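Please look at the sequence and the structure first.

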Amino acid sequence: MTEHPTSHEGRQPLAARPQERTRPRSQAAGGAGLPGGQPPLPQPGLPPHSVQAQAQDIAGTARREGDRLRFVGAATRRIARGIDLDEIVLGLCRATVPTFSDAILVYLRDPLPVGDERPVSPFVLRLRRSDRLRSTSDDAEGGAGAVISVLDPQTELAPAAELCEVRSGGALSEVLRGVRPVFGDSAAARAALPELLGDGRIVPSGHRAILAPLRGRRRVIGAAVFLRRPDRPAFEPNDLLVAAQLATHTALGIDKAVLYGREAYIADELQRTMLPDSLPQPTGVRLASRYLPAAETARVGGDWYDAIPLPGSRVALVVGDVMGHSMTSAAIMGQLRTTAQTLAGLDLPPQEVLHHLDEQAQRLGTDRMATCLYAVYDPVSHRITIANAGHPPPILLHLGGRAEVLRVPPGAPIGVGGVDFEAVELDAPAGATLLLYTDGLVESRLRDVWTGIEQLRERLAATAQLTGPDHSPPLEALCDDVLDMLGPGDRDDDIALLAARFDGIAPSDVAYWFLDPEDAAPGRARRLARRALERWGLEDLSDSVELLVSEVVTNAVRYAERPVMLRLLRTEVLRCEVGDDSPQLPRQRRARDTDEGGRGLFLVNRLARRWGATRLSTGKVVWFELPTPG
């Protein structure tokens with residue numbers, strides 16, 4: 001059962017005190033405190049003045065009944081306006097105080113049941129609390145913003161007990177099961193109220209009360225106590241009908257709010273699981289991201305972003321947008337994102353990734369369309385390869401403040417089918433920042449997409465110029481500044497934003513060789529690795545690196561037909577990569593005592609900080625990392 005926030009600690013009971021103001025006589029009676037019952041018929045044979053008085057009584061009764069009906073209509077409309085729990089409870093209080101009662105206490109089941117689940121025992125009620133009720137213009141003659149105190153000192157009831165455990169078969173349980181409200185001076189209420197209010201707490205002498213169960217669609221979810229001071233007319237039988245209407249609409253509203261809160265929670269969890277929990281930290285690039293739903297009422301959508309580490313210290317940057325803002329759009333987005341991750345693991349070219357995404361979208365349905373931009377950054381070559389499927393073009397912010405909208409082939413959206421995608425390779429200089437985004441950032445009812453792109457480019461350039469020509473703006477602050485251009489209010493579309501700051505890897509920190517697949521290759525690999533470590537001042541790692549390089553190269557030479565690639569990268573860690581043309585991935589196994597081999601990956605697993613193997617379109621790469629001294 002889901003726990004719902006049902007109280008604010010340290011606040012006063014949710015009761016309200018009337019404003020001191022003059023009201024018409026019919027309103028002073030509150031549209032409640034009005035004579036109830038059917039109007040009497042005139043009696044024949046009465047003197048003329050008696051007939052006139054009787055007619056006036058009938059007219060007054062009809063007028064009061066009309067006031068009562070208008071009050072119930074206005075009160076139920078106010079309660080129905082609430083969409084969350086607090087709004088509905090406060091709507092009940094503002095609608096009934098001071099017109100119908102001088103104070104009100106609202107107890108709700110804790111925790112509130114959700115949907116069709118069966119609530120667990122014991123049945124506990126918790127007093128809803130709030131510090132102040134702020135009225136609107138129709139609450140008080142003081143106008144909008146007038147404040148009504150939530151505690152009526154003349155009730156002498158505070159502090160009421162915050163928790164009440166309803167005993168099965170007790171007086172309170174019987175009243176709540178009875179559904180209908182009861183007067184506070186009835187036998188049932190006199191036994192039930194002390195149980196609800198707490199030990200030693202009773203309705204003060206002279207005060208009138210109505211105890212009304214709050215019953216949702218299938219079960220009791222709470223209780224409300226309406227209180228009147230002695231200087232006001234007593235509650236009448238028709239006031240029980242008013243209390244019943246108020247309690248019914250409040251309970252149904254609470255049911256609605258609980259279900260809405262549950263659905264909002266599910267939507268938030270769905271969206272959260274569809275997006276990365278955290279971005280990776282690949283070598284040579286820093287990443288930051290933002291995601292904003294279109295509005296509070298549309299918490300899920302089809303926008304997504306991703307950053308996927310690839311072999312060779314490269315990283316794939318992905319941003320996509322499925323049409324729509326529904327659960328269906330989010331589900332399709334999740335499938336496309338998973339497909340993109342799988343394709344990235346195969347190290348396919350960007351245009352091939354989009355081609356397979358297009359085929360997957362067609363398999364999902366004829367109307368499953370999305371835009372997507374897929375880019376691969378190589379920190380060694382300082383190049384980036386980009387393919388586009390109908391998505392807004394990325395913006396590259398150069399070191400020094402120049403912002404450039406990259407010219408990439410636009411392509412057709414994913415799901416159209418029968419189209420080819422093109423890729424373009426561009427420079428990615430160190431210090432530059434690539435911004436990938438969805439159209440919700442640049443397109444709205446007030447501007448077209450190209451106007452928005454130009455405004456975004458100008459905003460990025462202005463932000464970068466503030467930091468000077470030799471420095472790049474902080475990545476997280478840059479993302480926040482980009483979102484500030486939206487202004488207040490709901491957005492027309494979801495927004496996904498991915499920013500990548502290119503640091504690159506200097507050529508002096510890279511060493512690579514190609515080794516013929518022969519028996520002498522492992523020995524040569526050891527010598528080359530030792531020389532590179534000496535040049536970098538990492539002689540302390542020589543023993544471990546030579547051993548691991550020898551084992552991995554030996555395994556590669558055994559299956560390779562073409563030259564084996566050996567590459568060392570010096571960054572925060574020392575990374576070694578060995579590539580060959582065999583697609584068969586190595587698997588660690590436990591060697592028997594009599595086996596002559598099978599222990600290479602065991603050594604790699606024990607000595608390396610991290611290691612892995614990735615299949616490529618041309619073979620595979622086995623890599624491992626060792627921490628550098630200091």
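Is R459 buried, partly exposed or exposed? R459 is partly exposed, with a relative accessible area of 27%; buried means under 20% relative accessible area, exposed over 50%, and partly exposed in between, with a 1.4 Å probe and protein chains only.

The model is predicted, so local features need pLDDT of at least 70 and side-chain atom pairs count only at pLDDT 80 or more, while totals for chains, interfaces and linings use all residues. Residues are numbered from 1 along each chain as its sequence is written, and side-chain values use heavy atoms, with hydrogens and water left out.

**First sheet**

Five strands form an open sheet in the order 10-11-12-13-16, with antiparallel pairing. Strands are DSSP runs of E with at least two residues, helices are runs of H or I with at least four, and both are numbered from the N terminus. Two strands pair if DSSP finds at least two bridges between them. Strand 10 (303-309) and strand 16 (423-427) are the edge strands, each pairing on one side only. On average, neighbouring strands of this sheet are turned by 15 degrees against each other, direction ignored. Axes are lines fitted to C-alpha atoms, for helices over the stretch in contact, and angles run from 0 to 180 degrees between N-to-C directions.

Within this sheet, seven bridges pair strand 12 (residues 370-378) with strand 13 (residues 383-389) in the antiparallel sense. L373 has N388 of strand 13 opposite it. Helix 7 (residues 327-345) packs on the sheet and touches strand 10, strand 11 (315-322) and strand 12; contact means heavy atoms within 4.5 Å. The direction of helix 7 makes about 15 degrees with that of strand 10. M327 is found in helix 7 and counts as partly exposed at 40% relative accessibility.

Strand 17 (residues 433-437) and strand 18 (residues 495-502) run antiparallel and are joined by five bridges, with L436 opposite L498 in strand 18.

How many residues of strand 21 (residues 573-580) are buried? Eight of its eight residues are. In a regular strand the side chains alternate between the two faces of the sheet. Both faces of strand 21 are covered, with V573, R575, E577 and G579 buried on one side and L574, C576, V578 and D580 on the other.

Strand 20 (residues 564-570) joins strand 21 through six bridges and runs antiparallel to it; the two form a hairpin with two residues between them. R570 stands opposite L574 in strand 21. Strand 21 also pairs with strand 23 in the antiparallel sense, over eight bridges, and G579 faces V621 of strand 23 in that pairing.

F624 is found in strand 23 (residues 619-627) and is buried, with a relative accessible area of 2%. Leaving aside neighbours within four places in sequence, its contacts include L574, R575 and C576.

**Salt bridges**

The structure holds 22 salt bridges, a salt bridge being a side-chain nitrogen of Lys or Arg within 4 Å of a carboxyl oxygen of Asp or Glu. Three of them are listed below.

| Pair | Closest N to O |
|---|---|
| D480 and R290 | 3.0 Å |
| D481 and R459 | 3.1 Å |

D480 forms its salt bridge with R290. D480 lies in helix 10 and R290 in strand 9, so the pair ties together parts that are 190 residues apart in sequence. D480 counts as partly exposed at 37% relative accessibility.

D481 forms a salt bridge with R459. This pair links D481 in helix 10 with R459 in helix 9, 22 residues apart.

R570 is in strand 20 and D509 in the loop between strand 18 and strand 19 (510-515), 61 residues apart. R570 is partly exposed, with a relative accessible area of 27%, whereas D509 counts as buried at 15%.

R567, R575, E577, R609, R610 and E625 are linked in a network of salt bridges.
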